[in-house]
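Please examine the sequence and the structure shown here. The explanation below leads from the core to individual residues.

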Amino acid sequence: MGIFDDAVPGGNISKPIMIALGALLVGKLLGGRGAPEDAAPQQQPNAQAGDDGGLLGSLGGLGGLGGLLGKLAEAGQGSTVDSWVKPGQNQPIAPGSLESALGSQTISDLARHAGISEQELLKQLSTVLPGVVDKLTPQGQIPSQEQVASLFRS
């Protein structure tokens with residue numbers, strides 16, 4: 001899918017995982033169904049997944065990349081997250097640790113919107129997330145949600 005391909009093992013991120021990454025890193029769910037009702041002002045029900053107009057709802061208040069990293073740190077993954085943000089080798093994260101940190105409802109929502117099973121989502125996210133976060137934080141600085149969002153629009 002392009003923008004993060006050099007950040008992951010194998011050099012390729014599938015469209016379903018790009019949808020899930022967009023939801024996690026930008027704080028929005030991509031797609032046309034199942035958005036939270038409190039997101040009604042932004043809803044465009046006929047939008048296709050991946051279209052700019054397809055950004056729907058918020059993802060449980062994670063707050064984009066910074067919120068995601070904070071949630072992982074709160075769940076005991078602080079040193080792992082630090083390895084992704086700081087220079088050096090990225091520590092892996094186990095699918096179960098990712099699920100524990102994000103919660104089963106978030107994982108269920110992401111999987112539904114991405115169109116893949118929860119197990120496959122967790123497996124793929126645990127593989128690609130360290131490299132994607134590393135690429136987004138080359139100077140050890142967390143970019144704004146708008147900066148991250150612009151990558152998904154390009």
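This is a predicted model: local features need pLDDT of at least 70, side-chain atom pairs count only at pLDDT 80 or more; totals for chains, interfaces and linings use all residues.

Residues are numbered from 1 along each chain as its sequence is written, and side-chain values use heavy atoms, with hydrogens and water left out.

The largest nonpolar core has 37 residues, of which Leu-21, Leu-25, Leu-72 and Leu-125 touch the most other members. Such a core is a set of buried Ala, Val, Leu, Ile, Met, Phe, Trp, Tyr and Cys residues joined through side-chain atoms within 4.5 Å; buried means under 20% relative accessible area, exposed over 50% and partly exposed in between, for a 1.4 Å probe and protein chains only. At least two residues of this core come from each of α1 (15–26), α2 (64–85), α3 (95–102), α4, α5 and α6 (145–153). Helices here are DSSP runs (H or I, at least four residues), numbered from the N terminus.

Two packed helices are described by the angle between their axes and the distance between the axes. For α4 (residues 104–114) and α5 (residues 118–136), the axes come within 9 Å and cross at roughly 95 degrees. These axes are lines fitted to C-alpha atoms over the stretch in contact, with angles from 0 to 180 degrees between N-to-C directions. The two helices α4 and α5 are therefore roughly perpendicular to each other, a term for angles of 65 to 115 degrees. Ile-107, Ser-108, Leu-110 and Ala-111 of α4 meet Glu-118, Leu-121, Leu-122 and Leu-125 of α5, where contact means heavy atoms within 4.5 Å. Beyond its neighbours within four places in sequence, Leu-125 is in contact with Ile-17, Ala-20, Leu-21, Leu-24, Leu-98, Leu-110 and Pro-130.

In α6, the buried residues are Val-148, Ala-149 and Phe-152. They lie on the same side of α6, because they cover an arc of only 100 degrees around the axis, taken from the directions from the helix axis to the C-beta atoms. The buried residues of α6 pack against α1 and α2.

Leu-69 is in helix α2 and is buried, with a relative accessible area of 4%. Leu-69 and Ile-142 are 73 residues apart in sequence, yet 9.5 Å apart in space, C-alpha to C-alpha. Thr-137, in the loop between α5 and α6, is buried at 1% relative accessibility. Leaving aside neighbours within four places in sequence, Thr-137 is in contact with Leu-65, Trp-84, Val-85, Ile-142 and Pro-143.

Technical notes:
Angles under 35 degrees count as roughly parallel, over 145 as roughly antiparallel, 65 to 115 as roughly perpendicular and the rest as oblique.
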